[in-house]
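This report describes selected features of one protein chain. Please read it alongside the sequence and the coordinates.

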Amino acid sequence: MKKFKRFTALGLTAALAVSALAGCGQKAEETTAAPEQTEAASEEAKEEAKPEAKEGEGKVYYLNFKPEQADQWVELAKQYTEETGIQVDVQTAASNTYEQTLKSEMAKEDAPTLFQVNGPVGLATWSDYCADLKDTEIYKQLQSDDYALIEDGAVKGIAYVIETYGIIYNKKLLNDYFAADWSTVKSIDELNNFEALKTVADEIQAHKDELGVLGAFASAGMDSSSDWRFKTHLANLPIYYEYKADEITKTDAIKGTYLENYKNIFDLYINDATCEKTELGAKTGTDASSEFALGEAVFYQNGTWAYNDIKDNEVADEDLGMLPIYIGVEGEENQGLCTGSENYWCINAKASEADQKATADFLAWVITSDAGRDMLANQMGFVTPFKTFGDYLPTNPLVVANEEYTKAGKTPVSWNFTTMPSEEWKNGVGNALLEYAQGTGDWANVEKAFVEGWKTEYELANKE
């Protein structure tokens with residue numbers, strides 16, 4: 001068995017500043033000078049390695065949201081600097097700490113010139129810091145204003161990746177289940193609703209040794225690197241169906257109509273899993289991805305961005321599929337995958353004009369150059385909303401799975417979690433979910449955090 005590839009990006013801390021311009025360090029055995037001499041030499045080497053900045057042309061500082069693409073952004077920044085001489089620095093916030101890191105960095109003299117917001121709620125917080133992008137190349141190349149955040153005629157943010165999530169599955173293991181004489185569901189076509197999903201998961205869990213897995217689902221880790229999958233992405237499903245039933249797109253008082261459905265799918269995740277429920281508080285996103293990548297679990301809730309974490313391990317590309325997240329709602333047989341964006345580029349309006357121009361130029365290069373397009377589409381696996389990517393479509397099999405649902409006429413689930421009232425609301429739901437899973441709290445606390453917490457956080461937001 002291959003050794004699972006540990007993901008450096010997932011282990012980054014919020015304080016990790018990654019400069020695309022850093023010089024190479026010496027090998028340990030060659031470092032024989034005194035510490036102060038070594039430090040001085042190292043700093044001198046770094047300065048020599050930096051391209052000479054062109055006066056008046058500004059610089060770029062990107063605060064990246066996505067830890068799983070941290071290394072690729074550093075490499076892309078390096079390529080741009082080598083090509084143009086313009087300094088581009090990249091810092092990546094640790095998982096689930098972006099807003100906190102952004103507030104801290106924006107308070108500094110050298111604040112980010114490029115950052116992101118997660119949608120209308122995020123824009124409400126950072127609007128004064130968002131320059132108008134209507135004259136930029138990235139806006140001119142945008143396929144539709146559906147991918148822009150527009151406020152009072154100003155283009156404040158532009159989505160740079162359209163992503164999809166659902167229940168990733170291992171086709172080989174699932175086919176082994178279908179072929180077993182004890183299985184009830186016999187084909188992927190029958191696996192199109194919650195009742196079928198529960199039957200499959202329960203039977204896999206009962207026969208896990210026979211199938212050679214640790215559980216039906218990878219661990220539903222509830223630490224900060226993983227809990228967003230449930231307090232945000234999974235929570236989107238009951239919100240989506242409530243909005244759909246009430247014919248609304250946002251609310252200041254969620255009713256919780258589909259919270260019993262939310263409970264049913266979460267129960268399935270934590271009962272038919274690779275670990276005991278009491279262990280979930282310590283389980284990480286890396287634990288979950290490694291369990292799936294090594295073939296220890298059949299199912300794993302995540303999105304197209306998880307492909308880089310899975311590939312080159314035990315699950316072949318041709319064995320990767322993705323199911324919609326079924327929660328037992330009428331008509332869900334026609335449901336597609338959850339598709340949308342919470343990743344909008346914004347240029348800091350409070351940065352100097354030179355830095356704003358340098359940042360806009362860098363983004364233009366990212367979406368028009370061969371190096372930039374190849375990195376976003378082929379290395380990062382992004383589906384982008386820009387006209388320039390016609391010849392750069394990702395080969396990510398999870399993206400292909402979404403295309404198949406679209407061609408089949410399935411209705412995608414929109415990303416309504418950009419209307420969630422605050423990060424504090426998500427944290428309240430996440431804490432209640434963990435307590436419920438561990439047996440130290442009951443489901444009523446989840447419902448309270450979901451409904452009462454929503455109302456409270458919206459009221460607080462409106463007071464500010």
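## Overall architecture

The structure is a predicted model. The protein chain holds 18 helices and 13 strands. Of its 464 residues, 56% count as buried. Among the contacts in the chain with a separation of 6 or more, 76% are accounted for by residues 24 or more positions apart.

## Helix H2 and its two partners

Two packed helices are described by the angle between their axes and the distance between the axes. Helix H2 (residues 70-84) packs against helix H14 (residues 353-368) at an angle of about 110°, and their axes are 11 Å apart. H2 is therefore roughly perpendicular to H14, since angles of 65 to 115 degrees fall in that class. On the H2 side, the residues that meet H14 are Trp73, Leu76, Ala77, Gln79, Tyr80 and Glu83, and their counterparts in H14 are Asp361, Phe362, Trp365 and Val366. By class, this contact of H2 with H14 comprises 7 nonpolar, 1 polar and 2 charged residues.

H2 also packs against helix H15 (residues 370-379), where the axes come within 10 Å and cross at roughly 170°. H2 and H15 are therefore roughly antiparallel to each other, because an angle over 145 degrees is assigned to that class. Gln72, Trp73, Glu75, Leu76 and Gln79 of H2 meet Ala371, Gly372, Met375, Leu376 and Gln379 of H15. The contact of H2 with H15 has 5 nonpolar, 4 polar and 1 charged residues by class. Trp73 is listed in the contact with H14 and again in the contact with H15.

## Aromatic pairs and a charge over a ring

A search of the whole structure finds 34 aromatic pairs. In one of them, the ring centres of Tyr62 and Trp73 lie 5.1 Å apart with their planes at 80°, so the pair is edge-to-face. Tyr62 belongs to strand S2 (residues 60-64) and Trp73 to helix H2, so this pair ties together parts that are 11 residues apart in sequence. Tyr62 counts as buried, at 0% relative accessibility, and Trp73 is likewise buried, at 1%.

Another pair is formed by Phe217 and Phe299, whose ring centres are 5.1 Å apart and whose planes stand at 35°, so the pair is tilted. This pair links distant parts of the chain, with Phe217 in strand S8 (residues 215-217) and Phe299 in strand S9 (residues 297-303), 82 residues apart. Phe217 is buried at 2% relative accessibility, and Phe299 is buried at 0%. Both Phe217 and Phe299 belong to one aromatic cluster, whose members also include Phe230, Tyr262, Phe266, Tyr269, Trp425, Tyr436, Trp443, Phe450, Trp454 and Tyr458.

A charge is also placed over an aromatic ring: the charged end of Lys350 sits over the ring of Tyr129, 5.0 Å from its centre.

Lys426 lies in helix H17 (residues 423-438). At 7% relative accessibility, Lys426 counts as buried. Apart from its neighbours within four places in sequence, Lys426 is in contact with Asn118, Lys231, Thr232 and Met420.

Asn416 is located in the loop between strand S13 (411-414) and H17. Its relative accessibility is 10%, so Asn416 counts as buried. With neighbours within four places in sequence left aside, Asn416 is in contact with Asn236, Ile239, Tyr240, Tyr243 and Thr249.

## Loop residues

Gly331 is found in the loop between strand S10 (320-323) and strand S11 (335-340). With a relative accessible area of 40%, Gly331 is partly exposed. Gly331 and Asn193 are 138 residues apart in sequence, whereas their C-alpha atoms are 8.7 Å apart in space.

Glu247 has a positive phi although it is not a glycine, and Asp312 also has a positive phi in a residue other than glycine. Glu247 is in the loop between helix H10 (236-246) and helix H11 (259-271), while Asp312 is in the loop between helix H13 (307-310) and S10. The table gives the values for these residues.

| Residue | Phi | Relative accessible area |
|---|---|---|
| Glu247 | about 55° | 72%, exposed |
| Asp312 | near 65° | 57%, exposed |

Technical notes:
Residues numbered from 1 in each chain as written. Predicted model: local features only at pLDDT ≥ 70, side-chain atom pairs only at ≥ 80, totals over all residues. Heavy atoms only, no water. Axes fitted to C-alpha atoms, helices over the stretch in contact; angles between N-to-C directions. Helix = DSSP H or I, 4+ residues; strand = E, 2+ residues; numbered from the N terminus. Parallel < 35°, antiparallel > 145°, perpendicular 65-115°, else oblique. Contact = heavy atoms within 4.5 Å. Nonpolar A, V, L, I, M, F, W, Y, C, P; charged D, E, K, R; others polar. Phe/Tyr/Trp six-rings, centres within 6.5 Å; stacked < 30°, edge-to-face > 60°. Buried < 20%, exposed > 50% of the residue type's maximum accessible area, 1.4 Å probe, protein only. Lys NZ or Arg CZ within 6 Å of the ring centre and 35° of its normal.
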